[in-house]
Amino acid sequence: MSLDARKAQHVLQVITRSFVGRQRTVVVVYLASGSYSYVAIQAIMRSIKVIDPQVLDAGGQSFPQGADTVLMAPLGTSFTGAVFVADTTNATTGAVAAAPKYEIIEVLPVGIVPGGSRLRVTLRRMR
């Protein structure tokens, strides 16, 4: 049974409401034309150890080796040109330099709505 526009919109609204109270601020670092830019986003970030092992990636495999964190971001978030994610609330050079940093492994739109209802980003802590 396919979703009509009203049902798809309802699912997206419920997903957005379910993020409230579970989100925290993280900073996505982008590289464009040789300069870095910092954008703070609201997302759910947690250790991959608490993820359901039945959730598979796009190829039908378990999470990629070396991934240790998962980030659930709103569907409208762009990761085009993103270099890494910093676990800080301040989108400044100094705060990003001092914060734990995570390499982006994979960005997948997931959810019941065609095209996804959220983005699942697998991350690896940079040492």
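The following dialogue explains how to read several features of this predicted model.

Q: Which conventions apply to the numbering and to the predicted model?
A: Residues are numbered from 1 along each chain as its sequence is written, and side-chain values use heavy atoms, with hydrogens and water left out. Because the model is predicted, local features need pLDDT of at least 70 and side-chain atom pairs count only at pLDDT 80 or more, while totals for chains, interfaces and linings use all residues.

Q: How many helices and strands does the protein chain contain?
A: Helices (H or I, at least four residues) and strands (E, at least two) are DSSP runs numbered from the N terminus. The protein chain has 2 helices and 6 strands, arranged along the sequence as α-β-β-β-β-α-β-β.

Q: In what order do the strands close into a barrel?
A: Strands of a sheet pair through backbone hydrogen bonds, in either a parallel or an antiparallel sense. Here two strands count as paired if DSSP finds at least two bridges between them. The 6 strands form a barrel in the order β1-β2-β3-β6-β5-β4, with antiparallel pairing. From one strand to the next, the twist averages 45 degrees; axes are lines fitted to C-alpha atoms, for helices over the stretch in contact, and angles run from 0 to 180 degrees between N-to-C directions. Strands β3 (residues 69-74) and β6 (residues 118-125) are joined by 6 bridges in the antiparallel sense; Met-72 has Arg-120 of β6 as its bridge partner.

Q: Which strands does helix α1 lie across?
A: Contact means heavy atoms within 4.5 Å. Helix α1 (residues 5-19) lies across β2, β3 and β6, and runs at about 125 degrees to β3.

Q: How much of the protein chain is buried?
A: Of its 127 residues, 35% count as buried. By contrast, Val-83, in strand β4 (residues 82-86), is partly exposed because its relative accessibility is 33%.

Q: What share of the contacts in the protein chain with a separation of 6 or more joins residues 24 or more positions apart?
A: Such residues account for 57% of those contacts.

Definitions and conventions: Buried < 20%, exposed > 50% of the residue type's maximum accessible area, 1.4 Å probe, protein only.
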